[in-house]
Amino acid sequence: MARYDSEQEPEPAIVDSVRAVRAGNAQAYAAIVTRFQGPILTLCAAILRDRQAAQELAQDVFVRAYQRLDTFDVRRPMKPWLVKIAYHLAQEKRRTQVRQAARERAAAIEREQNDAVERPGQSLIAAERSDLLWQAVYALPMAERTAVLLYYRESLSVKEVAAVMGISPGTVKTHLFRARSQVQLNLRAKGIDEGDIP
Amino acid sequence: MNCAELAAALENQLLREREPHWVEEARRHAEHCPSCSRLLELHHVEEQLAGLCAVEPSSGFLEHVMTRIKSKEPHRIESARRISPEAFQKSMIVVGALILAAAYVVPAAGQPWLANLWPSIGLMRSGVLSAYFVAHPPWAMILAGVAALLVVFGMALPERPVSKHVARKSTIQ
């Protein structure tokens, strides 16, 4: 269990790819994208709750990372560095989403069509109705579901999650504790025991 | 292990951060203790969350990223958005010199363009600057002062260090 307390080591293959890109071989960047596209996309989807927007955002993350590759320290693992870029871009995107949703709601009220307004992410939740655990995670507040994703799924340490989110390790633990309780409640509210989830 | 120890431990640390033998001991204790069983059950959610499936990238995700980065050069994108220090330095000197030249040749009232160019040189050579100032309008003097400052500041700017990217490229070549 010690791996959750310690920082992850940089992967030699990724270090080689970074050096190759810096030397001018842009094609070597494909290995980096292939290695990290899953975690980055999953994080973007969890924050935005919108799969299509997450695909676009994940592309933006890799393009931004490419532009800033010179600032990356190859002695450190790449995942937390990429996750930090993704988290900040996702937050910006989410703020835009919220503003856009507010404008759409206002327009809908003017047209007296309140019932037709679709909440952001609703389409994704509907599309993934079969994935009960994901639904429970989507129902969490943004900070809690981000912490859950980074800590449990991406196996970042509490310290790394805290660094990415710009909060204290204690707050990360609080988010994780609340998230666990809330996920359990959400699952129970649907009449599902944790053991039923594959 | 008793109830208080288990509760205190889980309050301060996540279950997955505990050693496996500690978790096993906690589970054995929980088998005979309903309240601790409920507490430990909450932490079973951790295992479920760790197994969350990844969102799969769409087909062509990698190609899209690679197409987008091919149109960009790393390390140069950020600097391309702002003027480089070298260009700024040269611009200051050139603009300052042009203004200075314009102020120098600007004629006094009633004089045709360049009419005072040679007399001005003559006055400066003989060191009669007061006559030179009288021959030129005040705004031309102010302009000349600003221009001279531009040139001085432009020349005083420190030389930019060679960027890591350029240094690296030249090393490779």
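Trainee: How many helices and how many strands are there in chain A?
Mentor: Residues are numbered from 1 along each chain as its sequence is written, and chains are lettered from A and ligands numbered from 1 in the order in which they are written. Helices are DSSP runs of H or I with at least four residues and strands are runs of E with at least two, numbered from the N terminus. Read from that end, the elements of chain A run α-α-α-α-α-α-α-α-α, and the count is 9 helices and 0 strands.

Trainee: What share of the residues of chain A counts as buried?
Mentor: A residue is buried if 20 or more other C-beta atoms, placed from the backbone, lie within 10 Å of its own, exposed if 12 or fewer do, and partly exposed in between. For the 198 residues of chain A, the buried share is 37%.

Trainee: How many residues of helix 2 of chain A are buried?
Mentor: Helix 2 of chain A spans residues 29–48 and has a kink of about 50° at A:Phe36, shortly before the proline A:Pro39; this bend is the angle between axes fitted to the seven residues ending there and the seven starting there. The helix is mostly covered, and the buried residues among its 20 number 15.

Trainee: Is A:Arg49 buried or exposed?
Mentor: A:Arg49 follows helix 2 of chain A and lies in the loop between helix 2 and helix 3 (51–67). Its phi is near 55°, a positive value in a residue other than glycine. Because A:Arg49 has 23 C-beta neighbours inside 10 Å, it counts as buried.

Trainee: How does A:Ser155 count, with its 15 C-beta neighbours inside 10 Å?
Mentor: A:Ser155 lies in the loop between helix 7 (142–153) and helix 8 (158–165) of chain A, and it has a positive phi of about 55° although it is not a glycine. With 15 C-beta neighbours inside 10 Å, A:Ser155 counts as partly exposed.

Trainee: Which residues in helix 4 of chain B meet residues in helix 2 of chain A?
Mentor: Two residues are in contact if their C-beta atoms, placed from the backbone, lie within 7 Å. From helix 2 of chain A come A:Tyr29, A:Ala30, A:Val33, A:Thr34 and A:Gln37, and the residues they meet in helix 4 of chain B are B:Phe61, B:Leu62, B:Val65, B:Met66 and B:Ile69.

Trainee: How are helix 2 of chain A and helix 4 of chain B oriented to each other?
Mentor: Their axes come within 10 Å and cross at roughly 140°, where axes are lines fitted to C-alpha atoms over the stretch in contact, and angles run from 0 to 180 degrees between N-to-C directions. Angles under 35 degrees count as roughly parallel, over 145 as roughly antiparallel, 65 to 115 as roughly perpendicular and the rest as oblique. Helix 2 of chain A and helix 4 of chain B are therefore oblique.

Trainee: Which helix of chain B has the lowest mean pLDDT among its elements?
Mentor: Chain B has 10 helices and 0 strands, and its mean pLDDT is 69, with 55% of its residues reaching 70 or more. Over residues 160–173 of chain B the pLDDT is below 50. Where pLDDT is low, the predicted coordinates should not be read in detail. Helix 4 (residues 61–70) of chain B has the highest mean, 90, and the lowest, 42, belongs to helix 10 (residues 164–172) of chain B.

Definitions and conventions:
Predicted model: local features only at pLDDT ≥ 70, side-chain atom pairs only at ≥ 80, totals over all residues. pLDDT = per-residue confidence, 0-100.
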